[in-house]
Amino acid sequence: GSPLRSVLRDSLRSTLADNWSQVRMAGSVLCRRYLLALLGMAEEGSDGEGGEDDEEEEETLFETAVDDLAPMLLPRMCLNRFYIAQGVKLYSQETWRLVFGGGASSQSADDGDSRSAGDGVR
């Protein structure tokens, strides 16, 4: 891979799991911008293609865009939706919705998930 991608991967790995909420928030901002840029490029690349495989490509658009980053990013993104610092939590929940979609129903599901997760951890 490219040196830039390696630096981004290493930076995201450490900042999305940092103990300081300010660092974690900065990592969350970088993560969102990077993912949305990758998804935008992947969507542009798939606009001109036709055929029966369009449905399959849409299902794997995220995986195609992030490639080897998905196994590292997804768990960190998911856990940050339940982080104790409110800013990180809300920003991460919004990033999740932007990347994976969802509307008002996903907001109530996130709220329910966080209550359930808290009950299970205690």
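How many helices and how many strands are there in the chain? Here are a few notes to read beside the model, which is a predicted one.

1. **Overall fold.** The chain has seven helices and zero strands. Followed along the sequence, the pattern reads α-α-α-α-α-α-α. Of its 122 residues, 30% count as buried.

2. Which residues of helix H5 are buried? In this helix, residues 70–80, they are Ala-70, Met-72, Leu-73, Met-77 and Asn-80. These residues cover an arc of only 155 degrees around the axis, and therefore sit on the same side of H5. Pro-71 and Leu-79, on the other side of H5, are exposed. As a reminder, an α-helix has 3.6 residues a turn, so residues three or four places apart point the same way.

3. Leu-69 belongs to the loop between helix H4 (61–66) and H5. Leu-69 and Leu-8 lie 61 residues apart in sequence, while their C-alpha atoms are 9.8 Å apart in space.

4. **The cavity.** The count of cavities of 30 Å³ or more comes to one, and the largest cavity holds about 70 Å³ of space. Which residues line the largest cavity? They are Leu-16, Ser-28, Cys-31, Met-77, Asn-80, Ser-92, Thr-95 and Trp-96. Helix H2 (21–47), H5 and helix H6 (86–100) each give at least two residues to this lining. H6 has the largest share, with three residues. Sorted by class, the lining has four nonpolar residues, four polar residues and no charged ones. Met-77 and Asn-80 tie this point back to the second one: both are in the lining, and both are among the buried residues of H5.

5. **Ser-92.** This lining residue has its place in helix H6. Ser-92 counts as buried because its relative accessibility is 8%, below the 20% cut-off. Where Ser-92 and Met-25 are concerned, 67 residues separate them in sequence, and the C-alpha to C-alpha distance in space is 8.7 Å.

6. Trp-96 and Phe-100 have ring centres 4.5 Å apart and planes at 45 degrees, so the pair is tilted. The reasoning is that planes under 30 degrees apart would count as stacked and those over 60 as edge-to-face. Why are the two residues separated by about one helical turn? Trp-96 and Phe-100 are four residues apart in helix H6, and that spacing makes about one helical turn. Phe-100 is partly exposed, because its relative accessible area is 37%, which falls between the 20% and 50% limits. Trp-96, its partner, is also one of the residues lining the largest cavity.

7. **Cysteines.** How many disulfides does the structure hold? There are zero. Cys-31 is buried, because its relative accessible area is 1%, whereas Cys-78 is partly exposed at 25%. Cys-31 is also part of the lining of the largest cavity.

Methods:
Residues numbered from 1 in each chain as written. Predicted model: local features only at pLDDT ≥ 70, side-chain atom pairs only at ≥ 80, totals over all residues. Heavy atoms only, no water. Disulfide = S-S within 2.5 Å. Buried < 20%, exposed > 50% of the residue type's maximum accessible area, 1.4 Å probe, protein only. Arc of directions from axis to C-beta. 1 Å grid on protein atoms, 1.4 Å probe; cavity = no way out; pocket = protein on both sides within 12 Å on 5 of 7 lines; lining within 4 Å. Points joined across faces, edges and corners; volume = space filled by probe spheres on them. Nonpolar A, V, L, I, M, F, W, Y, C, P; charged D, E, K, R; others polar. Phe/Tyr/Trp six-rings, centres within 6.5 Å; stacked < 30°, edge-to-face > 60°.
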